[in-house]
Amino acid sequence: AAMELQPSHGLANQAAALVTGYLCYRRGSPGRGLALRSLRRARRQDIADVGHKYYLELVLEDVLDKDSTVNCTAEVLYHLGSKNTAPDVQFTLEGELKNTDEADNIFYNRIRSLEKELVAENIPDSHGNVPPEMEPIHRLAWVASGYVIWQNSTENTKFHLAQIKHVKQVKRSDEYLEFEYMILLHEMVSQEIIPWQVTVLWHPQHGVQVTQDSRQPKHTPE
Amino acid sequence: DQVFHIVPETLQQVQHLQHLCSTLLLDLWKPQLPEDIRAGEDLHIRVPAPLVQEVKDNLDHHMISYKVLIPDVQELVDQSMSKERSSHRQVPEGYVYTQYHPMEEIYQWMAQIQQSNSELVTQHYLGKTIENRTMYYLQISQPTNKTKKIIWMDCGIHAREWISPAFCQWFVKEILQNYKSDPKISRFLQNLDLYVLPVLNVDGYIYSWEKERLWRKNRSPHMNGTCYGTDLNRNFNSSWGSTGVSYNCSSETFCGSGPESEPETRAVAQFIERKKSDILCYLTIHSYGQYILTPYGFTTEPPSNNEELMLVAEKAAAALRGKYGTSYKVGSTSLILYSTSGSSQDWAHMIGIPFSYTFELRDNGTHGFVLPADQIQPTCEETM
């Protein structure tokens, strides 16, 4: 039987953050960013020999239009014991997300027409600013970090993308765009900042693929 | 000057608008040329103030509907100009509370605040940091005969949480600007003294400006200078070292070599210990997450006055939500956040301060620690 949790409960919010990350990976793009607005309801079930399952009702907001929200129901299964398996996530969105073809194509064409491969650092900067032309790059990083967060979350972690330390475009001969990111993930329970290198392929019609990711060591303090 | 938004419906309307723009020499913002005006597409025209009424009459006469997109162009220009000016570093005279400030400027601000509000504010020495910098707090106190109860608020215990010191500065400004005119605030000050510590972890804050934006701890050296920093909010003497900490210096939640091992912790603890019988409420401001947290972090056992603590916290969250709809979660640290020990909030409650809260300000993770400066105002306004 599933036990009802208060929407303020730590475990419920950890699961909600995982779902948000997963959603960014599955539905995000340079033209679309999704963020958690609120957790409406949460239930937790202990499934013997399998793991812990969460049933969540959340509200997400469109980062580009804060007044635009979408309701989501999701199920998360954290597998018992194994630290090497990603949790299973299933979700249903109520209604349609805004179409982003135009924004995605504009970004795609802009990058394709650059003379030199794109390189950037510290997005956002220390004061939280993101130059407008970097916003799609930032949103693509959310997609990529959504993947990493999904693959590495446990019932006792809560990850968010803290900052893009560095991003560089990798030249390609086909029509895909490729970016190599060095992102900083913030894990709330341990409070650690974890650098992660992620390589992402993207095409407006073919979506996102994370082709490579590896956790980096924390740099030695001076 | 006003900017009108029109969506022409017919070719006739398009032609009329093209004619209007060229005869009155109106400033087309969108599209750029009259020949590009199309039916069904957005048209933005800036109309000089003396022509506004004439243009409105003309449009009405021709049954062309319009909306005023910008009612006062000059106002918008002025607003954006003042943002430009403030990108130069400014000092208290015209101090910009909607920007983040480095420690040097915060020190200057404190001195200035005391100087210009000397009947109400005094700056006091609290102690020194590990790198030998001074910690100051501000006392806001209306001189009367009676001894008043104290509300203590500290900000910036964790270096990367920049919105926190920004809030303390905002808070002080609001009180000082409005204590004469706002009856709630003046009543408040008649009965209570406010003690505000704008930056507790001075060394860490400076380090997050100069070297590593996402630094959290203080800067105390360990292991022969090969590892730095204790998490000051795990260093207090409240079930120190029992849970939710690391004993390893390289961890972000390293609790130090013992309770109150850090000079910053000792400076705060000694002061509060001395004044504890008069302190009604201990507040400590953090980010992010949007929480109002009650004791305890090291156990799920509720504190003795839990009902009252929760009632007040719920009221605060409701008031906060009333401003911009931002929702804060309310509850005990151990239940709604994670286990911790050695936190300042728990310690304050354990020594007898009845109301002890940790605020985790905006946001929910979208920007996290790197909250853009344009959110300083709404965050502070709602928290106020």
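How much area is buried between chain B and chain A, and what percentage of it do carbon and sulfur atoms give? The legends below begin with this interface. The model is predicted, so local features need pLDDT of at least 70 and side-chain atom pairs count only at pLDDT 80 or more, while totals for chains, interfaces and linings use all residues. Residues are numbered from 1 along each chain as its sequence is written, chains are lettered from A in the order in which they are written, and side-chain values use heavy atoms, without hydrogens and water.

**Figure 1. The interface of chain B and chain A.** About 2700 Å² is buried between the two chains, and carbon and sulfur atoms give 52% of this area. Buried area is the accessible area (1.4 Å probe) that two parts lose on being put together, summed over both. In chain B, Tyr338(B), Thr366(B) and Val370(B) lose the most area to chain A, together 19% of what that side buries. The contact (heavy atoms within 4.5 Å) takes 35 residues from chain B and 33 residues from chain A. Between the chains, the count of salt bridges is 0; a salt bridge is a side-chain nitrogen of Lys or Arg within 4 Å of a carboxyl oxygen of Asp or Glu.

**Figure 2. The largest nonpolar core.** A nonpolar core is a set of buried Ala, Val, Leu, Ile, Met, Phe, Trp, Tyr and Cys residues joined through side-chain atoms within 4.5 Å. Buried means under 20% relative accessible area, exposed over 50%, and partly exposed in between (1.4 Å probe, protein chains only). The largest core has 76 residues, and Leu126(B) and Trp152(B) are among those with the most contacts inside it. Leaving aside residues up to four places away in sequence, Leu126(B) touches residues including Trp152(B), Val268(B) and Phe271(B).

**Figure 3. A salt bridge in chain A.** Lys168(A) and Glu180(A) form a salt bridge, with their closest N and O atoms 3.5 Å apart. Lys168(A) lies in strand 7 and Glu180(A) in strand 8 of chain A, so the pair ties together parts that are 12 residues apart in sequence. Lys168(A) is partly exposed at 34% relative accessibility, and Glu180(A) is partly exposed at 24%.

**Figure 4. A salt bridge in chain B.** Asp231(B) pairs with Arg216(B), the closest N and O atoms being 2.7 Å apart. Asp231(B) is buried, with 0% relative accessibility, and Arg216(B) is buried, with 2%.

Note on methods
Helices (H or I, at least four residues) and strands (E, at least two) are DSSP runs, numbered from the N terminus.
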